[in-house]
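Subject: Structure handover

Hello,

My notes on what was found follow below it.

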Amino acid sequence: MSEQAKKKSNVEVQILGQRMMLRSDDDPRHVERLASYVKRKVDEVSASGPVASPKIALLAALNIADDYFRALEEARELKRQVALKSRALLDDLDG
């Protein structure tokens, strides 16, 4: 592994008025995209009215988990559809 690949980068993000310095092996742009996504989810929850920060964070985390599990299910379904199509094509070629 090259020295560049091992190097951690620092990315400053601000969510719920809290500034944080995140240290990651990932591309800083990727970390910024993740933070932006989390901030967008937090903003969606807080737009519904005044809610305490810990509750906003929890609700945003649940929304993110929902997005994640829905994406997993969509990926599983896509894989299932591809497998079915592949089998059908192979059957056609064999027949």
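**Salt bridges**

R29 and D27 form a salt bridge, with their closest N and O atoms 2.7 Å apart. This is a predicted model, so please read every distance here as a computed value. R29 is exposed, at 59% relative accessible area. D27 is partly exposed, at 34%.

The structure holds 9 salt bridges. I describe some of them here.

K39 and D43 make another one, at 3.3 Å from N to O. Both residues sit in helix 2, which covers residues 28-46. They are 4 residues apart, about one turn of the helix. K39 is partly exposed, with a relative accessible area of 36%. D43 is also partly exposed, with 38%.

K41 pairs with E44 in a salt bridge, and the closest N and O atoms are 3.7 Å apart. K41 and E44 are 3 residues apart in helix 2, so about one helical turn separates them. Is K41 buried or exposed? K41 is buried, because its relative accessible area of 11% is under the 20% cut-off. E44 has 46% relative accessibility and counts as partly exposed.

**Contacts to the D26 backbone**

Two serines have side chains that contact the backbone of D26. S9 lies in strand 1, residues 9-15. A polar atom of the S9 side chain is 3.5 Å from the backbone oxygen of D26. S24 lies in strand 2, residues 18-24. The S24 side chain reaches the backbone nitrogen of D26 at 2.9 Å.

Are these serines buried or exposed? S9 has 17% relative accessibility and counts as buried. S24 has 14% and counts as buried as well. Both values fall under 20%, which is why the label applies.

L16 lies in the loop between strand 1 and strand 2. Its backbone deserves a look. Most residues other than glycine have a negative phi. L16 is not a glycine, yet its phi is positive, at about 55°. L16 is partly exposed, with 32% relative accessibility.

M21 is in strand 2. M21 is exposed, at 52% relative accessible area; the cut-off for that class is over 50%.

Where does L58 lie? L58 is in helix 3, which spans residues 53-94. L58 has 53% relative accessibility, so it counts as exposed. L58 also belongs to a nonpolar patch on the surface, together with L59 and L62. The accessible area of the three together is about 280 Å².

**Aromatic pair**

How many aromatic pairs are there? The count comes to 1. Y68 and F69 form this pair, and its geometry is edge-to-face. F69 is exposed, because its relative accessibility is 55% and the class begins over 50%.

**Confidence**

The protein chain averages a pLDDT of 91. Of its residues, 94% score at least 70. Which elements have the lowest and the highest mean pLDDT? Helix 1, residues 3-6, has the lowest, at 56. Helix 3 has the highest, at 95. The L58 mentioned above lies in helix 3.

**Where to look, in brief**

- Side-chain contacts to the D26 backbone: S9 to the oxygen, S24 to the nitrogen.
- Positive phi: L16.
- Surface patch: L58, L59 and L62.
- Lowest mean pLDDT among the elements: helix 1.

Best regards

Terms used:
Residues numbered from 1 in each chain as written. Predicted model: local features only at pLDDT ≥ 70, side-chain atom pairs only at ≥ 80, totals over all residues. Heavy atoms only, no water. Phe/Tyr/Trp six-rings, centres within 6.5 Å; stacked < 30°, edge-to-face > 60°. Buried < 20%, exposed > 50% of the residue type's maximum accessible area, 1.4 Å probe, protein only. Patch = residues over 30% accessible without salt bridge, like charges linked within 9 Å, V, L, I, M, F, W, Y side chains within 5 Å. Areas by Shrake-Rupley, 256 points an atom, 1.4 Å probe, with all protein chains shown as cover. Salt bridge = Lys/Arg side-chain N within 4 Å of Asp/Glu carboxyl O. Helix = DSSP H or I, 4+ residues; strand = E, 2+ residues; numbered from the N terminus. pLDDT = per-residue confidence, 0-100. Polar contact = N/O pair within 3.5 Å; in protein donor to acceptor, adjacent residues only side chain to side chain.
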